[in-house]
Amino acid sequence: MGQQVQRRTPGPPDRQPDPSWSAVAGATVRLWLQRHHVLGDAPAGRRRRFVVLLCALVAMALGAGVTLAFTRNSDSEPAARTTSGSASAIAQAAAGRRAAAAWLVSQVARSTYVSCDPTMCSAAQRAGYPVSQLVVLQSTAPDPLGGALIIATPAIQNQFGSRLASVYAPLVVASFGSGAERIDIRYVPPGGTKAFESQLPMARQHRIEGGVQLLNNKRIQASPTAKRQLLAGQVDPRLLITLSAIAGSMTDKAQLELVAFDDSSPGASVDVPLRGAEIGASTPAALSTVLKFYEAQQTDYAPIGRPVIVKDKSGQQVVTVFYAAPSPLDPQPGPLGVGSS
């Protein structure tokens, strides 16, 4: 118990053929309409204005696709960059984009919409993130809405200034680079910053209560590290729910052994829950139950990547499991798979 695990981080999937740039146009138009409440049954008197607006949005989205297509095979700086054009600064900026894109591919579900500037979106596409899920933010965009995450490159930070955090995207879920070239990946809550911050204390309290329930379960043993993380409300609610379900399915005298919880997100805010877990068990059959349980999940509780069994430095076998970013304040209801030993 408590030994450091040599864990396997979910890797990028096989590259898929790029969809047509109409996918970019469709995603941009659809997300804009949804955010600005334009979709719906328009009265007859407003239909003509709606058609004109839609045509303008299609042109804008196609322009975004063309921009992204032209930047696909280049890693040049955005035109709006005001920092030094030295070779070292350019190399640092390019390295930050590659790191951010690699994190996106390995840590974010493919169904998640992600907003980014054209150059960053191009880097994300080359890394393997679906182009249909990328919302390209042009320099004329009035707001950064459209995705559940936004990749805040220096260009995006300069474009929206302090409003990016204070109004739209309060939470940093990962950060890459430093100084003027730093790139933050931020969560964009549906209700904006104020509503999100008002919900944080209650969400943390719910996670603490879930942690206490796990620690009081006779089927669960926790290392000092895992116990401290649970009592601090640091654990993703999807892990709290699934671990409780697994413990409830245990037979005989088998027990779960919670080694530690962790995350693969550098620079994340302290308010970001830990999305990964290292889970042991008292018997090989119980460990198999843990693995099969997570492999059976198909909905909100399906991990990102494949859960695997590895050995820690002491030779103990543990299951490593990771959930996709961003963590939900409250997970959506969905069926849980049932593992068996």
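Both Phe293 and Tyr294 are buried, where buried means under 20% relative accessible area, exposed over 50% and partly exposed in between, with a 1.4 Å probe and protein chains only. The model is predicted: local features need pLDDT of at least 70, side-chain atom pairs count only at pLDDT 80 or more, and totals for chains, interfaces and linings use all residues. Residues are numbered from 1 along each chain as its sequence is written, and side-chain values use heavy atoms, with hydrogens and water left out.

A pair of aromatic rings is described by the distance of the centres and the angle of the planes. Rings of Phe, Tyr and Trp (its six-membered ring) pair if their centres lie within 6.5 Å; planes under 30 degrees apart count as stacked, over 60 as edge-to-face and the rest as tilted. The structure holds 4 aromatic pairs. One of them joins Phe293 and Tyr294 in an edge-to-face arrangement, with 5.6 Å from centre to centre and 85 degrees between the planes. Together with Tyr323, these two residues form one aromatic cluster.

The chain has 341 residues, of which 48% count as buried. Its secondary structure comes to 10 helices and 10 strands; helices (H or I, at least four residues) and strands (E, at least two) are DSSP runs, numbered from the N terminus. Of the contacts in the chain with a separation of 6 or more, 67% are between residues 24 or more positions apart, contact meaning heavy atoms within 4.5 Å.

An open sheet of 5 strands, with mixed pairing, has the order S6-S7-S8-S10-S9. Two strands pair if DSSP finds at least two bridges between them. Strand S6 (220–222) and strand S9 (308–311) are the edge strands, and each pairs on one side only. On average, neighbouring strands of this sheet are turned by 35 degrees against each other, direction ignored. Helix H9 (residues 237–249) packs on the sheet and touches S6, strand S7 (256–262), strand S8 (276–281) and S10; the direction of H9 makes about 170 degrees with that of S7. Such angles run from 0 to 180 degrees between N-to-C directions, and axes are lines fitted to C-alpha atoms, for helices over the stretch in contact. S9 pairs with strand S10 (residues 317–322) in the antiparallel sense over 4 bridges. Gln317 in S10 is the bridge partner of Lys311.

Strand S4 (residues 171–176) has 6 of its 6 residues buried, so S4 is largely enclosed by the rest of the structure. S4 pairs with strand S5 (residues 183–187) in the antiparallel sense over 5 bridges, and Ile185 in S5 is the bridge partner of Ala174. The two strands S4 and S5 form a hairpin with 6 residues between them, and Gly177 in the turn has a positive phi of about 80 degrees.

Two packed helices are described by the angle between their axes and the distance between the axes. For helix H7 (residues 192–215) and helix H8 (residues 224–231), the axes come within 7 Å and cross at roughly 140 degrees. H7 contributes Arg207, Ile208, Gly211, Val212, Leu214 and Leu215 to the contact, and H8 contributes Lys227, Leu230 and Leu231.

Ser122 lies in helix H4 (residues 118–127). Ser122 counts as buried because its relative accessibility is 0%. Ser122 and Leu134, 12 residues apart in sequence, are 9.2 Å apart in space, C-alpha to C-alpha.
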